[in-house]
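Colleague: I have a model open and would like to go through the inside of it. Can you take me through what was computed?

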Amino acid sequence: MVGLLAIINEELGENNIPYEFSEWKSTVRYPYFVGSYDENNSYFEDNRIEGTFTIDGWSRRSSIELIEKAEQIKEIFSDFQRIRNGNIYYIRFNSSMLVPTGVEDLNKITITFEVTEWKGEINGT
């Protein structure tokens with residue numbers, strides 16, 4: 001799924017969404033988004049790997065700001081397909097939800113996607 005993670009990083013960067021995978025390591029400027037990946041433990045005959053990709057967004061301004069960014073991210077990946085290095089990547093929006101943080105001025109949104117990678121044939125075999 002490294003290819004998938006690279007594609008997500010590229011797409012969010014091209015669309016000016018402040019994003020990092022796993023944890024935010026840059027100077028904090030709100031809003032920002034952090035991704036995580038959970039691979040399902042299933043093996044398919046067609047070399048398909050499925051999982052869930054989650055993007056958590058944080059803001060100190062307003063929840064509306066996060067909802068607007070979530071809509072932008074949803075549009076980017078609404079029916080997203082890429083072929084790279086013989087593999088096919090498919091990303092489909094699943095849900096978004098505002099999440100209480102317990103901190104008065106800190107807002108959070110969680111956006112989930114279903115992701116699939118089909119591994120291509122190696123050397124035509």
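Modeller: The largest nonpolar core has 24 residues, and the members that touch the most others are L12, I73, F77 and F113. A nonpolar core here is a set of buried Ala, Val, Leu, Ile, Met, Phe, Trp, Tyr and Cys residues joined through side-chain atoms within 4.5 Å. Buried means under 20% relative accessible area, exposed over 50%, and partly exposed in between, with a 1.4 Å probe and protein chains only.

Colleague: Which elements supply at least two residues of this core?

Modeller: α1 (2–14), β3 (48–59), α2 (63–76), β5 (87–99) and β6 (107–118) each do. Helices (H or I, at least four residues) and strands (E, at least two) are DSSP runs numbered from the N terminus.

Colleague: Before I go on, what kind of model is it?

Modeller: This is a predicted model, in which local features need pLDDT of at least 70 and side-chain atom pairs count only at pLDDT 80 or more, while totals for chains, interfaces and linings use all residues. Residues are numbered from 1 along each chain as its sequence is written, and side-chain values use heavy atoms, with hydrogens and water left out.

Colleague: OK. What does F113 touch, leaving out residues up to four places away in sequence?

Modeller: F113 touches G51, T52, F53, I55, I73, F77, I91, R92, F93 and N94. Contact means heavy atoms within 4.5 Å.

Colleague: How many cavities of 30 Å³ or more are there?

Modeller: One, from a search of the whole structure. On a 1 Å grid over the protein atoms alone, a cavity is a set of points where a 1.4 Å probe fits but cannot get out, and lining residues have an atom within 4 Å of a point. Points are joined across faces, edges and corners, and the volume is the space filled by probe spheres set on them.

Colleague: What lines the cavity?

Modeller: I8, F53, I55, F77, I91, F113 and V115. β3 and β6 each give at least two of the lining residues.

Colleague: Switching topic: where is Q72, and is it buried or partly exposed?

Modeller: Q72 is in helix α2. Q72 counts as partly exposed because its relative accessibility is 29%. Beyond its neighbours within four places in sequence, Q72 is in contact with N15 and I17.

Colleague: How far apart are Q72 and L12?

Modeller: They are 60 residues apart in sequence and 9.7 Å apart in space, C-alpha to C-alpha.

Technical notes: On a 1 Å grid over the protein atoms alone, a cavity is a set of points where a 1.4 Å probe fits but cannot get out, and a pocket is an open set with protein on both sides within 12 Å along at least five of seven lines; lining residues have an atom within 4 Å of a point.
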